Amino acid sequence: MTDKSFTKGLSKKHLLELDACTQCGECLNYCPVQEVTGDTSISPPEKIRMFRQFIQSTQGLKAMLTGSRKIDKKLLEDFTRAVYECTTCGACNQSCTVGIATERLWPVLRREMVRRGLGPMGPQAKMPEIIKRTGNPYDSPPGERYAPWFPEGVSIAEKADIGYYTGCTGAYCAHPMVRGDVLVLKAVGTPFTMLPAEEEVCCGFPLFITGQHDVLSELVTRLVRAYESRGVRELLCSCPCCVNIMVRDWPALYGRELPFRIRHISQFVSDALRKGALRFRKELQEKVIYHDPCYLSRGVGIIAEPRFILRRIPGIELLEFDRHGVRSRCCGAGGAARKVFHENAIAMGRLTIDEAVEKGADRLVLSCPACYEKVNEALAGHDRSIKIVDIMELVAEMI
Ligand code: SF4
Ligand code: SF4
(Lines give C-alpha, C1' and ligand atoms only; values in the text may rest on other atoms or scores of the structure.)
(Ligands and ions follow the chains in the order given, each with its own letter.)
Protein backbone atom coordinates (compact mmCIF):
# COMPACT_ATOMS: atom_id res chain seq x y z
CA MET A 1 0.00 0.00 0.00
CA THR A 2 1.49 3.34 -0.99
CA ASP A 3 -0.82 5.65 0.96
CA LYS A 4 -0.01 5.33 4.67
CA SER A 5 -2.49 7.96 5.84
CA PHE A 6 -4.83 6.79 8.59
CA THR A 7 -7.21 9.68 7.94
CA LYS A 8 -7.74 9.38 4.19
CA GLY A 9 -11.02 7.47 4.35
CA LEU A 10 -12.38 9.40 7.34
CA SER A 11 -14.71 12.39 7.23
CA LYS A 12 -14.25 15.49 9.39
CA LYS A 13 -17.07 14.19 11.58
CA HIS A 14 -15.22 10.91 12.14
CA LEU A 15 -12.04 12.79 13.05
CA LEU A 16 -13.90 15.06 15.45
CA GLU A 17 -15.54 12.04 17.03
CA LEU A 18 -12.24 10.23 17.46
CA ASP A 19 -10.89 13.35 19.13
CA ALA A 20 -13.97 13.77 21.33
CA CYS A 21 -13.73 10.50 23.26
CA THR A 22 -12.92 11.38 26.88
CA GLN A 23 -12.06 7.76 27.73
CA CYS A 24 -14.72 7.96 30.45
CA GLY A 25 -15.55 4.27 30.08
CA GLU A 26 -19.32 4.68 30.45
CA CYS A 27 -19.94 2.66 27.26
CA LEU A 28 -18.11 -0.32 28.76
CA ASN A 29 -21.11 -0.89 31.01
CA TYR A 30 -23.28 -1.65 27.99
CA CYS A 31 -20.89 -3.45 25.64
CA PRO A 32 -21.96 -7.09 25.26
CA VAL A 33 -18.49 -8.15 24.13
CA GLN A 34 -17.06 -6.70 27.35
CA GLU A 35 -19.71 -8.53 29.29
CA VAL A 36 -18.74 -11.95 27.95
CA THR A 37 -14.98 -11.52 27.49
CA GLY A 38 -13.99 -8.95 30.12
CA ASP A 39 -11.23 -7.97 27.69
CA THR A 40 -10.88 -4.19 27.86
CA SER A 41 -8.38 -4.15 24.98
CA ILE A 42 -11.37 -4.53 22.64
CA SER A 43 -13.44 -1.83 24.34
CA PRO A 44 -14.68 1.31 22.53
CA PRO A 45 -12.31 3.76 24.32
CA GLU A 46 -9.34 1.48 23.76
CA LYS A 47 -10.07 1.13 20.03
CA ILE A 48 -10.40 4.91 19.77
CA ARG A 49 -7.23 5.48 21.79
CA MET A 50 -5.27 3.10 19.56
CA PHE A 51 -6.53 4.65 16.34
CA ARG A 52 -5.71 8.14 17.64
CA GLN A 53 -2.21 6.88 18.41
CA PHE A 54 -1.85 5.60 14.83
CA ILE A 55 -2.80 9.05 13.53
CA GLN A 56 -0.48 10.80 15.98
CA SER A 57 2.47 8.59 15.11
CA THR A 58 2.10 9.06 11.38
CA GLN A 59 0.51 12.48 10.94
CA GLY A 60 0.79 14.30 14.29
CA LEU A 61 2.98 17.31 15.07
CA LYS A 62 5.90 15.19 16.22
CA ALA A 63 5.64 13.11 13.07
CA MET A 64 5.76 16.31 11.00
CA LEU A 65 8.87 17.50 12.84
CA THR A 66 10.80 14.26 13.17
CA GLY A 67 9.22 12.09 10.50
CA SER A 68 6.43 9.55 10.49
CA ARG A 69 6.95 6.56 12.80
CA LYS A 70 6.31 3.06 11.58
CA ILE A 71 3.54 1.39 13.47
CA ASP A 72 4.27 -1.95 15.00
CA LYS A 73 2.56 -4.69 12.97
CA LYS A 74 1.39 -6.51 16.11
CA LEU A 75 -0.34 -3.34 17.29
CA LEU A 76 -2.14 -3.03 13.97
CA GLU A 77 -3.18 -6.67 14.11
CA ASP A 78 -4.46 -6.29 17.67
CA PHE A 79 -6.47 -3.26 16.64
CA THR A 80 -7.87 -5.11 13.63
CA ARG A 81 -8.97 -7.99 15.82
CA ALA A 82 -10.58 -5.58 18.29
CA VAL A 83 -12.53 -3.74 15.62
CA TYR A 84 -13.78 -7.02 14.11
CA GLU A 85 -14.62 -8.67 17.44
CA CYS A 86 -17.21 -5.93 18.02
CA THR A 87 -20.76 -6.92 17.05
CA THR A 88 -21.40 -3.32 15.86
CA CYS A 89 -24.49 -3.41 18.08
CA GLY A 90 -24.41 0.32 18.76
CA ALA A 91 -24.92 0.08 22.54
CA CYS A 92 -21.80 2.22 22.97
CA ASN A 93 -23.32 4.71 20.52
CA GLN A 94 -26.47 4.88 22.65
CA SER A 95 -24.61 5.30 25.93
CA CYS A 96 -21.74 7.54 24.83
CA THR A 97 -21.51 10.55 27.14
CA VAL A 98 -20.32 12.85 24.36
CA GLY A 99 -22.57 11.52 21.61
CA ILE A 100 -20.07 9.72 19.38
CA ALA A 101 -21.87 7.79 16.63
CA THR A 102 -19.69 4.74 17.22
CA GLU A 103 -22.13 2.44 15.39
CA ARG A 104 -21.22 4.28 12.17
CA LEU A 105 -17.56 4.71 13.14
CA TRP A 106 -16.66 1.03 13.56
CA PRO A 107 -17.50 0.08 9.94
CA VAL A 108 -15.34 2.99 8.74
CA LEU A 109 -12.40 1.80 10.84
CA ARG A 110 -12.95 -1.72 9.49
CA ARG A 111 -12.86 -0.33 5.95
CA GLU A 112 -9.57 1.36 6.82
CA MET A 113 -8.12 -1.97 7.93
CA VAL A 114 -9.28 -3.59 4.68
CA ARG A 115 -7.55 -0.79 2.76
CA ARG A 116 -4.36 -1.65 4.64
CA GLY A 117 -4.67 -5.34 3.82
CA LEU A 118 -5.24 -6.26 7.48
CA GLY A 119 -8.98 -6.86 7.43
CA PRO A 120 -11.42 -8.50 7.20
CA MET A 121 -11.04 -11.66 9.29
CA GLY A 122 -11.13 -15.33 8.35
CA PRO A 123 -14.03 -16.41 6.14
CA GLN A 124 -15.23 -12.79 5.77
CA ALA A 125 -12.47 -12.21 3.18
CA LYS A 126 -14.13 -14.61 0.73
CA MET A 127 -17.49 -12.85 0.82
CA PRO A 128 -17.04 -10.44 -2.13
CA GLU A 129 -16.04 -13.27 -4.46
CA ILE A 130 -18.79 -15.57 -3.15
CA ILE A 131 -21.45 -12.87 -3.46
CA LYS A 132 -20.34 -12.07 -7.01
CA ARG A 133 -20.61 -15.76 -7.91
CA THR A 134 -23.76 -16.83 -6.04
CA GLY A 135 -25.50 -13.59 -5.05
CA ASN A 136 -25.36 -14.52 -1.35
CA PRO A 137 -22.62 -14.64 1.32
CA TYR A 138 -23.32 -18.27 2.28
CA ASP A 139 -22.10 -19.80 -0.99
CA SER A 140 -25.52 -21.41 -1.35
CA PRO A 141 -27.10 -22.20 -4.71
CA PRO A 142 -29.08 -19.16 -5.94
CA GLY A 143 -31.79 -21.48 -7.30
CA GLU A 144 -32.45 -22.74 -3.75
CA ARG A 145 -33.08 -19.32 -2.30
CA TYR A 146 -36.85 -19.77 -1.98
CA ALA A 147 -37.69 -23.40 -2.79
CA PRO A 148 -37.03 -25.07 0.62
CA TRP A 149 -39.41 -22.83 2.57
CA PHE A 150 -41.76 -21.02 0.21
CA PRO A 151 -45.31 -21.96 1.25
CA GLU A 152 -47.65 -23.64 -1.22
CA GLY A 153 -50.60 -21.74 -2.60
CA VAL A 154 -49.07 -18.28 -2.40
CA SER A 155 -48.98 -16.36 -5.64
CA ILE A 156 -46.40 -13.73 -6.51
CA ALA A 157 -47.53 -10.90 -8.78
CA GLU A 158 -45.45 -10.04 -11.82
CA LYS A 159 -45.80 -6.35 -10.95
CA ALA A 160 -47.15 -4.78 -7.76
CA ASP A 161 -46.92 -1.74 -5.50
CA ILE A 162 -45.61 -3.94 -2.72
CA GLY A 163 -42.32 -5.78 -3.11
CA TYR A 164 -40.97 -8.32 -0.64
CA TYR A 165 -37.23 -8.90 -0.23
CA THR A 166 -36.34 -12.01 1.81
CA GLY A 167 -32.65 -11.32 2.48
CA CYS A 168 -29.94 -13.98 2.37
CA THR A 169 -29.88 -14.92 6.07
CA GLY A 170 -33.63 -15.45 6.21
CA ALA A 171 -33.73 -17.31 2.90
CA TYR A 172 -30.89 -19.69 3.73
CA CYS A 173 -30.64 -19.81 7.54
CA ALA A 174 -34.00 -18.87 9.10
CA HIS A 175 -36.72 -20.56 7.04
CA PRO A 176 -39.56 -20.33 9.61
CA MET A 177 -39.11 -16.57 9.67
CA VAL A 178 -39.36 -15.89 5.92
CA ARG A 179 -42.07 -18.52 5.55
CA GLY A 180 -43.97 -16.61 8.25
CA ASP A 181 -43.45 -13.32 6.38
CA VAL A 182 -44.94 -14.72 3.18
CA LEU A 183 -47.88 -16.39 4.95
CA VAL A 184 -48.71 -13.13 6.69
CA LEU A 185 -48.48 -11.16 3.42
CA LYS A 186 -50.83 -13.69 1.86
CA ALA A 187 -53.26 -13.29 4.76
CA VAL A 188 -53.29 -9.49 4.41
CA GLY A 189 -54.28 -10.08 0.80
CA THR A 190 -52.53 -7.14 -0.91
CA PRO A 191 -50.77 -8.38 -4.07
CA PHE A 192 -47.00 -8.42 -3.72
CA THR A 193 -44.11 -9.14 -6.01
CA MET A 194 -40.73 -10.80 -5.48
CA LEU A 195 -37.70 -11.07 -7.72
CA PRO A 196 -36.87 -14.47 -9.24
CA ALA A 197 -34.56 -16.39 -6.83
CA GLU A 198 -31.47 -15.81 -9.01
CA GLU A 199 -32.12 -12.07 -9.15
CA GLU A 200 -32.65 -11.47 -5.44
CA VAL A 201 -29.02 -10.86 -4.55
CA CYS A 202 -27.43 -9.74 -1.28
CA CYS A 203 -28.44 -6.27 -0.04
CA GLY A 204 -24.76 -5.48 0.57
CA PHE A 205 -24.88 -5.40 4.37
CA PRO A 206 -22.26 -8.12 5.01
CA LEU A 207 -19.83 -6.31 2.71
CA PHE A 208 -20.61 -2.90 4.19
CA ILE A 209 -20.17 -4.07 7.76
CA THR A 210 -16.92 -5.91 7.10
CA GLY A 211 -15.44 -2.88 5.34
CA GLN A 212 -15.40 -4.45 1.86
CA HIS A 213 -17.15 -1.79 -0.18
CA ASP A 214 -16.00 -2.51 -3.74
CA VAL A 215 -19.09 -4.21 -5.17
CA LEU A 216 -21.69 -2.48 -3.00
CA SER A 217 -22.97 0.07 -5.51
CA GLU A 218 -23.26 -2.60 -8.20
CA LEU A 219 -25.42 -4.84 -5.98
CA VAL A 220 -27.65 -1.99 -4.84
CA THR A 221 -28.15 -0.63 -8.36
CA ARG A 222 -29.08 -4.09 -9.63
CA LEU A 223 -31.70 -4.55 -6.91
CA VAL A 224 -33.17 -1.05 -7.10
CA ARG A 225 -33.61 -1.29 -10.89
CA ALA A 226 -35.14 -4.75 -10.66
CA TYR A 227 -37.77 -3.63 -8.13
CA GLU A 228 -38.42 -0.42 -10.03
CA SER A 229 -39.08 -2.41 -13.21
CA ARG A 230 -41.71 -4.42 -11.30
CA GLY A 231 -43.55 -1.25 -10.33
CA VAL A 232 -42.63 -1.46 -6.65
CA ARG A 233 -43.49 1.61 -4.57
CA GLU A 234 -42.92 0.04 -1.17
CA LEU A 235 -40.26 -2.57 -0.47
CA LEU A 236 -40.85 -4.76 2.58
CA CYS A 237 -38.26 -6.79 4.39
CA SER A 238 -38.07 -8.46 7.79
CA CYS A 239 -34.29 -8.57 8.24
CA PRO A 240 -33.10 -5.65 10.40
CA CYS A 241 -29.65 -5.57 8.76
CA CYS A 242 -31.14 -5.38 5.25
CA VAL A 243 -33.65 -2.72 6.31
CA ASN A 244 -30.90 -0.76 8.00
CA ILE A 245 -28.61 -0.59 4.98
CA MET A 246 -31.55 0.03 2.65
CA VAL A 247 -32.76 3.01 4.68
CA ARG A 248 -29.43 4.49 5.68
CA ASP A 249 -27.02 3.67 2.87
CA TRP A 250 -28.82 2.55 -0.28
CA PRO A 251 -29.62 6.12 -1.46
CA ALA A 252 -25.92 7.11 -1.29
CA LEU A 253 -24.83 3.83 -2.89
CA TYR A 254 -27.47 4.18 -5.62
CA GLY A 255 -26.44 7.80 -6.14
CA ARG A 256 -29.88 9.32 -5.72
CA GLU A 257 -33.19 8.99 -3.94
CA LEU A 258 -34.71 5.50 -4.13
CA PRO A 259 -37.77 5.16 -6.40
CA PHE A 260 -39.67 3.36 -3.59
CA ARG A 261 -39.89 3.52 0.17
CA ILE A 262 -38.44 0.91 2.49
CA ARG A 263 -40.50 -0.53 5.32
CA HIS A 264 -39.91 -3.19 7.90
CA ILE A 265 -42.57 -5.89 7.71
CA SER A 266 -43.73 -5.10 11.28
CA GLN A 267 -44.73 -1.60 10.09
CA PHE A 268 -46.82 -3.07 7.28
CA VAL A 269 -48.41 -5.70 9.55
CA SER A 270 -49.24 -3.28 12.37
CA ASP A 271 -50.97 -1.04 9.79
CA ALA A 272 -52.92 -4.05 8.49
CA LEU A 273 -54.05 -4.90 12.03
CA ARG A 274 -55.15 -1.31 12.64
CA LYS A 275 -57.14 -1.24 9.39
CA GLY A 276 -58.72 -4.62 10.10
CA ALA A 277 -57.05 -6.23 7.06
CA LEU A 278 -55.54 -8.81 9.39
CA ARG A 279 -57.12 -10.46 12.44
CA PHE A 280 -55.91 -12.94 14.99
CA ARG A 281 -58.19 -15.94 15.17
CA LYS A 282 -56.39 -17.92 17.85
CA GLU A 283 -55.51 -17.28 21.47
CA LEU A 284 -52.15 -17.73 23.10
CA GLN A 285 -52.29 -17.99 26.90
CA GLU A 286 -48.56 -17.45 27.34
CA LYS A 287 -46.03 -15.00 28.64
CA VAL A 288 -43.77 -13.93 25.80
CA ILE A 289 -40.70 -11.72 25.85
CA TYR A 290 -39.57 -9.73 22.82
CA HIS A 291 -35.91 -9.12 22.02
CA ASP A 292 -35.23 -5.89 20.08
CA PRO A 293 -32.66 -6.54 17.32
CA CYS A 294 -29.96 -3.84 17.56
CA TYR A 295 -30.21 -2.81 13.91
CA LEU A 296 -33.98 -2.51 14.12
CA SER A 297 -34.39 -0.67 17.42
CA ARG A 298 -31.26 1.45 17.81
CA GLY A 299 -30.61 1.35 14.09
CA VAL A 300 -33.89 2.51 12.55
CA GLY A 301 -36.12 3.16 15.58
CA ILE A 302 -38.61 0.31 15.06
CA ILE A 303 -39.63 -0.48 18.62
CA ALA A 304 -43.37 0.15 19.01
CA GLU A 305 -44.64 -1.85 16.00
CA PRO A 306 -43.51 -5.36 17.04
CA ARG A 307 -44.98 -4.73 20.52
CA PHE A 308 -48.24 -3.45 19.03
CA ILE A 309 -48.52 -6.67 17.00
CA LEU A 310 -47.76 -8.95 19.94
CA ARG A 311 -50.22 -7.17 22.27
CA ARG A 312 -52.97 -7.72 19.71
CA ILE A 313 -52.65 -11.50 20.04
CA PRO A 314 -55.50 -12.56 22.37
CA GLY A 315 -54.30 -13.99 25.69
CA ILE A 316 -50.69 -12.94 25.39
CA GLU A 317 -48.78 -11.29 28.23
CA LEU A 318 -45.83 -9.31 26.95
CA LEU A 319 -42.75 -9.15 29.18
CA GLU A 320 -39.72 -6.94 28.73
CA PHE A 321 -36.00 -7.49 29.12
CA ASP A 322 -34.32 -5.13 31.60
CA ARG A 323 -32.59 -3.61 28.59
CA HIS A 324 -35.06 -3.17 25.76
CA GLY A 325 -35.91 -0.74 22.97
CA VAL A 326 -32.92 1.48 22.16
CA ARG A 327 -31.13 0.05 25.20
CA SER A 328 -31.44 -3.56 24.02
CA ARG A 329 -28.53 -5.93 24.66
CA CYS A 330 -27.08 -7.56 21.54
CA CYS A 331 -27.86 -11.27 21.23
CA GLY A 332 -24.37 -11.80 19.82
CA ALA A 333 -25.21 -12.34 16.17
CA GLY A 334 -24.33 -8.93 14.75
CA GLY A 335 -21.54 -7.29 12.83
CA ALA A 336 -20.54 -10.43 10.89
CA ALA A 337 -18.57 -11.37 14.03
CA ARG A 338 -20.57 -14.50 14.81
CA LYS A 339 -18.71 -16.82 12.43
CA VAL A 340 -15.27 -15.62 13.56
CA PHE A 341 -15.89 -15.13 17.28
CA HIS A 342 -18.34 -17.98 17.67
CA GLU A 343 -17.85 -18.45 21.44
CA ASN A 344 -18.60 -14.80 22.19
CA ALA A 345 -21.79 -15.04 20.13
CA ILE A 346 -22.95 -18.19 21.95
CA ALA A 347 -22.21 -16.62 25.36
CA MET A 348 -24.20 -13.49 24.45
CA GLY A 349 -27.08 -15.59 23.10
CA ARG A 350 -27.18 -17.51 26.39
CA LEU A 351 -27.42 -14.27 28.37
CA THR A 352 -30.56 -13.46 26.37
CA ILE A 353 -31.97 -16.95 26.96
CA ASP A 354 -31.14 -16.83 30.68
CA GLU A 355 -32.86 -13.50 31.21
CA ALA A 356 -35.93 -14.63 29.27
CA VAL A 357 -36.16 -17.74 31.47
CA GLU A 358 -35.58 -15.76 34.68
CA LYS A 359 -38.38 -13.38 33.73
CA GLY A 360 -40.72 -16.35 33.47
CA ALA A 361 -41.33 -16.18 29.72
CA ASP A 362 -42.82 -19.17 27.92
CA ARG A 363 -41.47 -17.97 24.58
CA LEU A 364 -38.67 -15.78 23.40
CA VAL A 365 -39.82 -13.76 20.38
CA LEU A 366 -37.15 -12.66 17.91
CA SER A 367 -37.33 -10.48 14.84
CA CYS A 368 -34.05 -11.01 13.02
CA PRO A 369 -32.72 -13.99 11.03
CA ALA A 370 -29.20 -13.65 12.47
CA CYS A 371 -30.61 -13.60 16.03
CA TYR A 372 -32.84 -16.54 15.09
CA GLU A 373 -29.94 -18.63 13.84
CA LYS A 374 -27.52 -17.76 16.63
CA VAL A 375 -29.85 -17.83 19.64
CA ASN A 376 -31.15 -21.23 18.50
CA GLU A 377 -27.54 -22.38 18.31
CA ALA A 378 -26.92 -20.96 21.80
CA LEU A 379 -29.95 -22.88 23.07
CA ALA A 380 -28.56 -26.22 21.89
CA GLY A 381 -26.54 -27.73 24.72
CA HIS A 382 -27.45 -24.94 27.14
CA ASP A 383 -28.69 -25.87 30.62
CA ARG A 384 -31.77 -23.65 30.27
CA SER A 385 -34.53 -24.00 27.76
CA ILE A 386 -37.21 -21.84 26.19
CA LYS A 387 -39.29 -21.90 23.02
CA ILE A 388 -37.88 -19.55 20.40
CA VAL A 389 -40.05 -18.07 17.69
CA ASP A 390 -39.80 -15.34 15.08
CA ILE A 391 -42.49 -12.69 15.33
CA MET A 392 -43.96 -13.35 11.84
CA GLU A 393 -43.75 -17.10 12.40
CA LEU A 394 -45.91 -16.51 15.50
CA VAL A 395 -48.28 -14.13 13.70
CA ALA A 396 -48.76 -16.69 10.90
CA GLU A 397 -49.57 -19.33 13.54
CA MET A 398 -52.15 -17.10 15.25
CA ILE A 399 -54.12 -16.05 12.14
S1 SF4 B 1 -20.88 -1.65 19.01
FE2 SF4 B 1 -21.57 -3.03 20.66
S3 SF4 B 1 -20.04 -4.70 20.68
FE4 SF4 B 1 -19.16 -3.00 19.52
S5 SF4 B 1 -17.94 -1.86 20.99
FE6 SF4 B 1 -19.98 -0.88 20.91
S7 SF4 B 1 -21.16 -1.87 22.55
FE8 SF4 B 1 -19.35 -3.16 22.17
S1 SF4 C 1 -18.78 6.67 26.44
FE2 SF4 C 1 -18.06 7.79 24.60
S3 SF4 C 1 -16.55 9.22 25.45
FE4 SF4 C 1 -16.85 7.66 27.04
S5 SF4 C 1 -15.26 6.09 26.61
FE6 SF4 C 1 -17.12 5.45 25.52
S7 SF4 C 1 -16.83 6.25 23.44
FE8 SF4 C 1 -15.40 7.41 24.78
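Student: Which residue of strand 4 stands opposite L235?

Tutor: I262 stands opposite L235. This is a predicted model, in which local features need pLDDT of at least 70, side-chain atom pairs count only at pLDDT 80 or more, and totals for chains, interfaces and linings use all residues. Residues are numbered from 1 along each chain as its sequence is written, and chains are lettered from A and ligands numbered from 1 in the order in which they are written.

Student: What makes strand 3 and strand 4 a pair?

Tutor: Two strands pair if DSSP finds at least two bridges between them; strand 3 (residues 234-237) and strand 4 are joined by four bridges and run parallel, so they meet the definition.

Student: Why is one side of strand 2 and of strand 4 left without a neighbour in the sheet?

Tutor: The open sheet has the order 2-1-3-4. Strand 2 (192-193) and strand 4 (261-264) stand at its edges with a single partner strand each, so one side of each has no neighbour in the sheet.

Student: How do you know that the span of helix 18 agrees with expectation?

Tutor: The expected span is 1.5 Å times one less than the number of residues. For the 17 residues of helix 18 (residues 342-358) this gives 24 Å, and the end C-alpha atoms are 24 Å apart, so the two agree.

Student: Why are residues such as N344 and I353 of helix 18 called buried?

Tutor: A residue is buried if 20 or more other C-beta atoms, placed from the backbone, lie within 10 Å of its own. The buried residues of helix 18 include N344, R350 and I353.

Notes:
Helices (H or I, at least four residues) and strands (E, at least two) are DSSP runs, numbered from the N terminus. A residue is buried if 20 or more other C-beta atoms lie within 10 Å of its own, exposed if 12 or fewer, and partly exposed in between; C-beta atoms are placed from the backbone.
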